[in-house]
Amino acid sequence: MAFETYSHGHHRSVVDVHALRTARDCAAYLLPELTPGTGILDVGCGPGSITADFAALVAPGPVVGLDSSEDVLVQARELAAGRGLANVSYLAGNVYDLDFPDETFDVVHAHQVLQHLMDPVAALREMRRVTKPGGLVAVRDADFSGMVWHPPTPELAEWMRIYQEIARGNSAEPDAGRHLLSWALEAGFTDVTPSSSNWLYATPAERSRHADSWSERVLQSAFAEQAQERGLAERPLLDRLAAGWQEWAAAPDGWFLVPCGELLLRA
Ligand SMILES: C[S@@+](CC[C@H](N)C(=O)[O-])C[C@H]1O[C@@H](n2cnc3c(N)ncnc32)[C@H](O)[C@@H]1O
């Protein structure tokens, strides 16, 4: 199976912050639709913390987490086992070619996945195929160009410029949040409920977690590899980006807002 280049990669500095995500922080728009017994497919589940929250909420309903990376699924399975969840399983697979019959799941969910794909419309069509009639496809994605921060640390502007080039170089759409509605309409959905929600990093603990992750990511993750391989940044610039993240986090009035678009799509 061939996959696109996933811009973030699966370095520990990336996966560890993804593993802190919860269904409440990332899928509040979907939670009112979930009841015990709901069957869910979580596409691009990564380390599976949101998937595991879903499993606890809908038990005994069956929940499947699917990702193109076998490595990250090892962590997802450990997390589910540690929580004693019996109704969740994790499988390797590709969102464009889901290995399930038509109309299998009540809900098919993808969080921060469409932004990494070359053909998000095809992905949405395939997600709808495996959703039962009347069920829901639910997607949420950040909008990188919509992110705002204070103080106006110049290294963060450089970080944004380089990330945009990396993602676009992978034929992905880092500003996915604002494109979700047009992708859904193109995929043929007619019953669409759009909404948005933010992540905010403004307490000392939130700032430090966000900055610690990105200052390591710019030096060690796929960000560093792609930036250097593609001539977007050399090591001294990456060092400055890492220091810039820490400088931003140290500001007592530091603020970083991540807007996310979200859609509930009736199949
Ligand atoms: C940003 S992570 C999001 C993980 C998780 N949904 C979360 O929010 O914590 C995106 C995930 O999508 C996966 N992915 C990328 N392309 C995929 C594809 N074609 N099929 C399935 N998963 C894919 C990546 O391996 C990665 O784990």
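Mentor: The chain holds 10 helices and 8 strands. Keep in mind that this is a predicted model. The radius of gyration is 18 Å, close to the 18 Å that the globule rule gives for 267 residues, so the chain is as compact as a globular protein of that length. Along its principal axes, the C-alpha trace spans about 50 × 40 × 35 Å. Buried residues account for 53% of the 267 residues. The chain exposes about 11400 Å², and carbon and sulfur atoms supply 53% of that area. If you take the contacts between residues at least 6 apart in sequence, 78% of them join residues at least 24 apart.

Now to the ligand. There are 19 residues around the ligand, and Arg21, Gly44, Asp67, Val95 and His111 come nearest. Sorted by class, that shell has 7 nonpolar, 10 polar and 2 charged residues. Arg21 has a polar side-chain atom 2.7 Å from an oxygen atom of the ligand. His10 also places a polar side-chain atom by a ligand oxygen, at 3.1 Å. How much of the ligand does the protein bury? Taken alone, the ligand exposes 600 Å², and the protein buries 97% of that.

Let's stay with Arg21 for a moment. Look for Arg21 in the loop between α1 (12–18) and α2 (23–26). Leaving out residues up to four places away in sequence, Arg21 touches Cys26, Ser49, Ile50, His111, Gln112 and Trp199. His111 is also among the residues that come nearest to the ligand. Here's another pair to look at: Arg21 and Gly48 are 27 residues apart along the chain, and their C-alpha atoms are separated by 8.8 Å.

Two of those Arg21 contacts, Ser49 and Ile50, lead us into helix α3, which covers residues 49–58. This helix is mostly covered, with 8 of its 10 residues buried. The buried ones are Ser49, Ile50, Thr51, Ala52, Asp53, Phe54, Ala55 and Val58. Pick out Asp53 in that list: its relative accessible area is 18%, so Asp53 counts as buried, the cut-off being under 20%. Apart from residues up to four places away in sequence, Asp53 touches Thr22, Ala23 and Arg83.

Follow the chain out of α3 and you reach Pro60, in the loop between α3 and β2 (63–67). The peptide bond from Ala59 to Pro60 is cis, with omega near 10 degrees. Another cis peptide bond joins His150 and Pro151, where omega is about -5 degrees. Pro151 sits in the loop between β6 (148–150) and α6 (154–169).

While you're looking at loops, check two backbone angles as well. Glu103, in the loop between β3 (88–92) and β4 (105–111), has a positive phi of about 60 degrees although it is not a glycine. Glu103 is partly exposed, with a relative accessible area of 48%. Ser171 lies in the loop between α6 and α7 (180–186); Ser171 is not a glycine either, and its phi is positive at about 55 degrees. Ser171 is partly exposed too, with a relative accessible area of 40%.

Note on methods: Residues numbered from 1 in each chain as written. Predicted model: local features only at pLDDT ≥ 70, side-chain atom pairs only at ≥ 80, totals over all residues. Heavy atoms only, no water. Near = heavy atom within 4 Å. Polar contact = N/O pair within 3.5 Å; in protein donor to acceptor, adjacent residues only side chain to side chain. Areas by Shrake-Rupley, 256 points an atom, 1.4 Å probe, with all protein chains shown as cover. Nonpolar A, V, L, I, M, F, W, Y, C, P; charged D, E, K, R; others polar. Helix = DSSP H or I, 4+ residues; strand = E, 2+ residues; numbered from the N terminus. Rg over C-alpha atoms; globule rule 2.2 N^0.38 Å. Buried < 20%, exposed > 50% of the residue type's maximum accessible area, 1.4 Å probe, protein only. Contact = heavy atoms within 4.5 Å.
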